[in-house]
Amino acid sequence: MSGRKKSLLKVIILGDSSVGKTSLMNQYIWDTAGQERFQSLGVAFYRGADCCVLVYDVTAPNSFKNLDSWRDEFLIQASPRDPEHFPFVVLGNKVDLDNRQVSTRRAQQWCQSKNDIPYYETSAKEGINVEMAFQVIAKNALELEAEAEVINDFPDQITLGSQNNRPGNPDNCQC
Amino acid sequence: MWIQPKELLLPSAFWIAEMHSRYFVLQKRRGHGESRGFGSMLVGTYDSVMNTKPAPYRILHQTPSSEVSYEIAIGITQDEIVKDWEWLKANLFKVLDEMENEDEVTNFTICKIQSLYTQNNQDDTGESADFKVMKSKFRQIFKMPEEERLVNSYSATYVKNKIPRQGQLYISLNHVCFYSYMLGQEIKRIIRFAELEDISRNANTIYLKTTNNMTYNFTMLFNASEAHLLIEQLNKMAIQQLIHDPDSPVVDHDTSNFSRLGSKTSKKPVLLRDLTARQKSEEFRIYFRLPQSEIIDGKIKANIWTPYSKRFNSGFIYLSPNFFCFRSDVKDLVSVVIPMKTIKSVEKKDDGQQRFENQIVIITSENVPFMFAHIVDRDVLIFKITDLLARVHVPLSRERAKYDISWSKQTALMNTFKTQFSAKIIQKQEEKMVRWEAHFRDFGRGIGMFRTTDVINLIVEGIPDKLRQEIWLIFSGAIHDKEMNPGLYEDLVEKAACIKNCFAHDEIDRDLPRSLPEHPAFQSTDGIGALRRVLQAYALRNPQVGYCQAMNIVSSVFLLFCDEENAFWMLASLCENLLPDYYKDKVVGAQIDQGVLNELVETHLPDLHGHLEQLGVIKMISISWFLTIFMSVISYESSLHILDCFFYEGAKIIFMISLQIIEWNRDKLLYCQDDGEAMLVLQNYLEGIYNPEYQVPPTTDKRKMKRKVRTQTVQTLIHESYTKFGEEITQQRIEELRNKHRRLTMRQFDIDNEKTIVKAYVQNPYFSHIELHMLLTIIREEKHALKSLQQQQQKVQCPLSETPQLVSQSPSRPIQDAGTFGGRYEAYNVSYEVFHTLFTELTPWRKCVSVDIGEKLFRLTDKKGTGVLDFGQLINALGLVCSNKNMEKLKLLYVLHLPPLLSKAEIERSRRPRPRTKDDAEEAFEAEDFFDNDASESMEALPSPSDNNFDADDFALINATQHLHNLAGISGNTFMDLSRTPNLSLNSNTSSLAHRSSTFYVDLPGFQGTATSTDAGRDEDELQRELRQQGRYESIDTFSDISDLGAARITPPGAGVGADVAAGAASAAAVDDMLLNVETISNFSQISDLVAATRLERADSNATDLRSLGSLGYLLDQPDEGASNSQHRIPHMRKENFQLLWRSIIEIMGLVQDEEMHRAYENLLELGNSNIKKEPSLESFTQLNMGGDEQPDSNGNPTTPAAEPIGTTRLFVALEEELRQASGKSRTTTTSSGDSSSTNISESWHISISQFIATVLTVNSIVKGFQTPIQISEQIEQLQKKRRKCLSTNY
């Protein structure tokens, strides 16, 4: 990286078909088809993502169950530098509907078990929580960026340190 | 075989006479057979270098006084030639002896042989004798099966290590092979077409590169270009086969389609002619947009009269069964398509003018005359047309079943939902209409119009709304499909409406409201309903595609301008002809074209290419551009113009527009620093494209309300693309590039898949990630090789059903929950055959010959009884065997020699490999007898599944057979399918099964007693005999699985025939879809699954599989005696099993037994003796498990002990559990006690695992031998080399 600040954040939104991914996103995020047969194309899009948003439909338990798989899929395909701390956000969408099937508690438990992923319940239709959720997404993504920059600042020192211990260096060969 | 008699002057050079008579001599070629003298070697080299390829045997006719001999017969085998010799002896010797004049003798002989030759060759395949010799050599040298058809062979030089080797290049349907024999050195190379990554030709040299990074150079003096094209074509077919049907990546070819093209005079082999015709036909079909079934029937040079220009234009007439077409030599000058059924008359015409002789006039049903001149073979052409006309089949509307569905066909939605156009736009449309009307007057209207550059010019400006349907239908070719299938659409719609619970329908319904939501037509039920019907009907027509997102978007645009039936056929021609493979799995066609675009950018916009490649932009943009023909990225009113051009130009317009879009944004794109920016640049540009000649439909979508910054008119965009890229980007070039990128894309899929799988398994305890990659590669290669050798009878490639298939019962795609994330792993599941090959080729335990360890290991590992191992299971099985974990390996070996894996019958047989006594001989004979039977016969001997009167035995037999088939990797869908179509592959499988005779005997202690009461107390042999008497137990198929028969009965406690049927059905389903086979209950290994299911979360099963064998040690290391957890104890071993176990150890050790080993053996024998009745507290493991608190729970599963060690080995638990159930059942359900089953193991000789291990570990050589790991990478490399060079196995 040239050290130049990114002007854009790349946020990936994943989830089962018709959980409301398209409705959640604003127009600045690229949208592709979500069918299974498109999945192999995902790799091209995952590359260099700053944040991954996992969406499920609170009225569709299967879409919640699949969050695990979506998360794994992302981690395998995107291979982020630090998978344990990669910023995910989970959104339970369609809370405006009456026939809710997945309880808040169940979703929160799952999120806690995955390194405390932030969890929000949204309604893209009513605009509930969407903006706030995306602010958090942006914030978390920026934090990752900041960390990355910190890492980028360090290489020089690391190189210096390793130079001292270079085995081929006769000065250090005192044993 | 008899040949056309040939004169010879030097009859004996290179040949040895084998038989003599007065006028005949039978000769054998030197260099064949055992004699390996220098002379033979020279002849061998001569044959190879000079490409003389003579048959090894021949018969000559000679007369004592003449110098000239005649070659009259040749033979590939001695038997063959002797047969001819015998014929001569019987029919000619005497007759000839009676003749006096030698000339008369010769004349008579030659005449006789000639007549024999013609007689024999009349009903033949039309292959010359030379070609037959070539074919048989090819099969012999490369051990190719009969089904692998040779296409042609070329003399070629292969340069290896800078040494050129002259030899013969053989091209068959699935392989390129090379053979050379020079001065005693033989070289063989086998390359599968499916594994080619690069094919190129430079002058006379063909360069090939495989996915394994092997490169080959073949130089040919003649025919290099023909060979190159052939390789390209066959590679294309192989890759397409991979796309269409990944399960049988073998190309087969049906000659009959092309038979009428075959001209008897051509010297080329039939298959080669067919393939060339096929290639030509494809080009022809694509150019004229004819239906897939059309096959070119010939082309004739001719001039066409074009009334609008009042002149003749030269070109070719092309004929196919249903079409008469013409194409001018000058590109795009004029072309014509006339459906045969519209031809009213064909007449000769001669106006006396010398300039335009040999004319014909064709008049269509609309009284339009077409005049052609300068037809050399005019009479032939007329005859041909008349012949075709006589055969033209006018399809009638089909009789169809009535469904209780009420619907009416929707007409073009634009008529119902009228857009309010401004006066200016209406005027513009009317102007266009006037010009189109004028065009129709000059050039004709309808299918038979003269297609010229004038029409392109009109189309580029945008077709008026009123004409869109008509023009789209004609130029897309959809009209032909529609006319050939009257009533099919209605039929499909109604059948589709009857289907319930279909995954594709759910997906369609989800997408209906978001297809073209801004248009009022799709805010109404009319529009939505029509769209649903079109998409559902198509999913039914083409189950391979089903429904793919993006189809909804294009279909909704079609529906605006066309009635719904027309929209359906447009969609069909889009998916099947215009955008091939675009909507299939992984949208593979679009990904291929993405590669093509990438290369085009590199060629035409070189300065941008590197930058875009680095950003990864092309991969991101192209999918939505390609799949929706820009409709999802450019406003609807603008994309219509692109669509107009698309139907005329085909896919090339997409590439032209794409290049133009990138080119237009060149500077901005170069400035972009990341993919997101680049995407935004393109998005802003595309959204800004507008169409000043069309009304923007009113929209309710908030996002689209926002005014976009206008960037460019769609007219300019199209115009510029034609100007800049129209000349260079041709359909032909795209086809060439597609061939290349089809290869690369499929290769990339494999690479991506491998990477993902390796990532998932990299934590395994045995193999590094490089080794994992190599394993995956070899699995893929072996699977393909197995397929191409088995040559399963190919389903004729017709994915499209003339009569619709009902897919509801078996949805072509697995339900998403299960399928989404698992699919990629399945490609690397290995069948028993592949596993066995890998085991034998790669592991040190291949040395075991007394016991088929590979088979035991497979059964032990295949817990679900699916007949396949997943990659994780394979790693564990092979990994442990190749590892240095001596203790675990010994324990594994011990387990593999336990019943039921090692059966009593198997022990018996291995003890008496050759029958000596009469009784033994009889028994052995019976066993062998099974293998000799033809599998197809035995299939019919089985009870018919439709027979209602069968009993439990029948079900068990069906079940057992089915299971065997699963195990053997025969992929029949159901048992019924198998019994109906016994094919060649079955037979070949039988023979391959035969050598593992004992494979499927399983001897469960206490088993016999568990069978239903009629069988109680019988031993296996008796049961066999009885079944045999009943006429059912006659072949390997039925013989094999007597154990399963028993197992199936004991498995579901209290369940009867019904459960067996369920099990049978389940195992049938297992072949189809492994995800569904969870409840397969047909043999012992499935019980383990049940056990496992109760203990382990399904989600964790992968991880557990990984651990199960790996943690063998955990379990096994526990001291045997005094272990509190008796559940996990490994059973004791009987003497017979132990003796075989020891033999296996000796075999693994390389057949050397040192003194220490011998002592250990004696010790163990002694230990076993002293174990008899010495442990009253520790009876057999089975008895122990009979403890009251260990009863199965309500589901028949054992209760889970509270304290279970983490990573418990399921397989041992399962094994034991099964034994427990078996004996438990015998005790509870049967009163009679079988003689053998009642024997208590503790009363006879036995040893425990700990005794075995403890003793064996004192033997240094064994410890050392088992400690030595095997580098699997080296083994794999060797195997690959062996395959490449067609070397034989050493073990």
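Two strands pair if DSSP finds at least two bridges between them. Helices (H or I, at least four residues) and strands (E, at least two) are themselves DSSP runs, numbered from the N terminus.

This is a predicted model, in which local features need pLDDT of at least 70 and side-chain atom pairs count only at pLDDT 80 or more, while totals for chains, interfaces and linings use all residues. Residues are numbered from 1 along each chain as its sequence is written, and chains are lettered from A and ligands numbered from 1 in the order in which they are written.

Chain B contains 55 helices and 25 strands. Of its 1291 residues, 45% count as buried. A residue is buried if 20 or more other C-beta atoms lie within 10 Å of its own, exposed if 12 or fewer, and partly exposed in between, with C-beta atoms placed from the backbone.

Consider a sheet in chain B. This open sheet has seven strands in the order E9-E8-E7-E6-E12-E11-E10, with antiparallel pairing. Strand E9 (185-192) and strand E10 (196-202) of chain B each have a single partner strand, so one side of each is left without a neighbour in the sheet. Neighbouring strands are turned by 30° against each other on average, direction ignored. Within the sheet, strand E11 (residues 205-210) and strand E12 (residues 215-219) of chain B pair in the antiparallel sense over five bridges. Ile206(B) has Phe218(B) in E12(B) as its bridge partner.

Next come two helices. The axes of helix H35 (residues 886-896) and helix H54 (residues 1260-1267) of chain B come within 8 Å and cross at roughly 95°. Axes are lines fitted to C-alpha atoms, for helices over the stretch in contact, and angles run from 0 to 180 degrees between N-to-C directions.

The last helix to follow is H55. How far apart are the end C-alpha atoms of helix H55 (residues 1272-1285) of chain B? They are 20 Å apart, which agrees with the span of 20 Å that its 14 residues should have at 1.5 Å a residue; the expected span is 1.5 Å times one less than the number of residues. In H55(B), Ile1272(B), Gln1275(B), Ile1276(B) and Leu1279(B) are buried. Seen down the axis of H55(B), its buried residues fall within an arc of 100°, so they line one face of the helix; the arc is that of the directions from the helix axis to the C-beta atoms. On the other side of H55(B), Glu1274(B), Lys1281(B) and Lys1285(B) are exposed.
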